[in-house]
Each structure stands twice: as C-alpha cells, then as structure tokens.
Amino acid sequence: MKGTFAKHLVFSYGTLKRGFPNHHIMERIEASYITDARTIEKYPLLLAGKWNTPFMIHEKGHPGSHHVLGELYRVDDKGLSVLDEFEGVHRSYYRRSKINLSTPDKKKRSEEACSYFRYEA
C-alpha cells in the first residue's frame, strides 16, 4: 500500500474475496491479503437478489447460523472509505461493525476486524 499506513483489518466473506467478481475493488485500493479466517461467533449468512449476493446478519447464534468463512485484509483510511461507499454504508444498505475472527496462524488464535453486515429490512 502506498502513501498512508494500512491500519484497518477487514473481513471479506463475499464478492470482494479473491476469485470473485468484485475483488478488483480490493486490488484498486491496494488491500493486503493477510490470511483466510472464520467468524468465532455463528451468524446467519444469506444469499439474495438476482446475483445471489451473500450477506451476513448481525444476529449471533440465530437458528441456522454458522461460522462464516472469508478472508482477512489490511486497508488504509482511504481504502476503508472506498469499501464503505461500495457497501452502501451511507445509504444504510450495509453497516460496518467489529467482529472476532479465528485464523489458521497457531501463534495468534483470534483477530478483531471490521466486516459489513446487511441492515435487516
């Protein structure tokens, strides 16, 4: 990442992951892939819309919930702002919240990162 220090950890579980249609946004903001990760808590993960877009609901332990798998990235302030715009945070489409993750790294068992949760409609 050029310029500003990348200080935000972001958990991606959907179309921003490597190999998925919107990963080009992560490349454009020069997000640094760190590792695969999964949520420590169980959350509902739904597929909806004409593109079957995945979205997580912030309802820990809701029936049918599971540990959500995804990727952990490091981004700078500008990158986080771009992700907020992409996810529609200011339009109340998604909200960014802190989430606890487990990673395969044996030295560090958990990380706190932000992730995007769909507003309940």
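Me: Is Glu30 buried or exposed, or partly exposed?
Reply: Glu30 is partly exposed, at 32% relative accessible area. Buried means under 20% relative accessible area, exposed over 50%, and partly exposed in between, with a 1.4 Å probe and protein chains only.
Me: What should I know about the model itself?
Reply: The model is predicted, so local features need pLDDT of at least 70 and side-chain atom pairs count only at pLDDT 80 or more, while totals for chains, interfaces and linings use all residues. Residues are numbered from 1 along each chain as its sequence is written, and side-chain values use heavy atoms, with hydrogens and water left out.
Me: OK, back to Glu30. Where does it lie?
Reply: Glu30 is in the loop between H1 and strand S2 (32–39); helices (H or I, at least four residues) and strands (E, at least two) are DSSP runs numbered from the N terminus. Its phi is positive, about 55°, although Glu30 is not a glycine. Most residues other than glycine have a negative phi.
Me: And what about the phi of Ser92?
Reply: Ser92 has a positive phi too, about 60°, and is not a glycine. Ser92 sits in the loop between H2 and S6 and is partly exposed at 45% relative accessibility.
Me: Switching to H2: which residues are buried there?
Reply: In H2 (residues 77–87), the buried ones are Gly79, Leu80, Leu83, Asp84 and Glu87. They share one side of H2, because they cover an arc of only 145° around the axis, taken from the directions from the helix axis to the C-beta atoms.
Me: What follows H2?
Reply: Gly88, with a positive phi near 75°.
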